[in-house]
Amino acid sequence: MKNSVKTFITVGVLLIAILGASFHYIKNQKVYLLVIPHFMIDSWKVSEFYSLTKEKYFWENELPNRIVLLSPNHFFTKQKKIEGICKEENIQYKNYSITALPANMNDIECSWWVFYYVWNQRFTKDHGLWEHFKWLNEYYPWVKIIPLVLPSHQMNHSKGIVQWIKTLPWKTLVISSVDFSHYKSEEIAEKNDELTYSTLNSTWRFDELRWLDVDCPACLGINYLLAEDNNLKIQQRYRDSSSTIVGYDLEEENTSRQFLFWEN
């Protein structure tokens, strides 16, 4: 009888400890959201935006526990699954590299050539990822990155990734590497960008994201859903384009950008 009581008390204490740890985990869990284009023309803006948002989100010498880096799949448009890696490894591009982690999700594809080997070194083909390596090295050294390459219009993946991100501990920075209007005059691009911002700034419009003039609606869908869940408000730091930067309308060669962040 005494042993039964001891066992009951021990189990009770363990349950209380587990519940307490779970509550502490949930209480301290936080997500930070950015959209940073991979079209890196006029790169001082990229640098300034990385610096500004790091100062806004994190105290001095503080870093996120993980960074989730999202990109459209530029080269394998027939791929319907999310591309990622299956084990922790170093991914290199030129002189820059990141320590990459796998995402513990179903339907992650590791065998296509978004991530490839040259001898024993892993590289990535997609510029939606590697364009950020320099800035991640500069502003978030030592933080491990979870790179994910999405079929750009498969919005069901947005919901799945959001549910997975909710399970990540402590502080998670989500960077959606997204370019905006492509191959349109500056007048049309500006109107399309206004529509995109307005949609992201509204509630109950997730299903409309798929039709926006951006190269990864599914990436923006992740920001959108996480912002709703965490009661975060979108803010725009910059909106520009290759036309505004060079000073004349490039017409069908024009690409636009928005630098976005979310805050309480």
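Biologist: With which residue does aspartate 193 form a salt bridge, and how far apart are the closest N and O atoms?

Modeller: This is a predicted model. In it, aspartate 193 pairs with arginine 239 in a salt bridge whose closest N and O atoms are 2.9 Å apart. The pair links distant parts of the chain, 46 residues apart: aspartate 193 sits in helix H6 (residues 186-200) and arginine 239 in strand E11 (residues 233-241). The two partners differ in their cover. Aspartate 193 has 2% relative accessibility and so counts as buried, while arginine 239, at 23%, is partly exposed.

A search of the whole structure finds 14 salt bridges. One of them joins glutamate 88 and lysine 144, with 3.0 Å between the closest N and O atoms. Here too distant parts of the chain are linked: glutamate 88 lies in the loop between strand E3 (82-83) and E4, lysine 144 lies in strand E9, and 56 residues separate them. Glutamate 88 is partly exposed because its relative accessibility is 44%, and lysine 144, at 28%, is also partly exposed.

Glutamate 89 forms a salt bridge with arginine 122, the closest N and O atoms being 3.2 Å apart. This pair connects strand E4, which holds glutamate 89, to strand E8, which holds arginine 122, across 33 residues. Both glutamate 89 and arginine 122 are buried.

Salt bridges also link Asp42, Lys45, Asp240 and Arg257 in a network.

In soluble globular proteins, nonpolar side chains tend to be buried together.

Valine 46, in helix H2 (residues 43-57), is buried because its relative accessibility is 0%.

On the surface, Asp249, Glu251, Glu252 and Glu253 gather in a patch of negative charge. Glutamate 252 belongs to the loop between helix H8 (242-246) and strand E12 (256-263), and its relative accessible area of 53% makes glutamate 252 exposed.

How values were computed. Residues are numbered from 1 along each chain as its sequence is written. This is a predicted model: local features need pLDDT of at least 70, side-chain atom pairs count only at pLDDT 80 or more; totals for chains, interfaces and linings use all residues. Side-chain values use heavy atoms; hydrogens and water are left out. Patches are made of residues with over 30% relative accessible area and no salt bridge: like charges are joined within 9 Å, nonpolar side chains (Val, Leu, Ile, Met, Phe, Trp, Tyr) within 5 Å. Accessible areas come from the Shrake-Rupley method with a 1.4 Å probe; for residues, only the protein chains shown count as cover. A salt bridge is a side-chain nitrogen of Lys or Arg within 4 Å of a carboxyl oxygen of Asp or Glu. Lys and Arg count as positive and Asp and Glu as negative; His and the chain ends are not counted. The place of a charge is taken as NZ of Lys, CZ of Arg, CG of Asp or CD of Glu. Helices (H or I, at least four residues) and strands (E, at least two) are DSSP runs, numbered from the N terminus. Buried means under 20% relative accessible area, exposed over 50%, partly exposed in between (1.4 Å probe, protein chains only).
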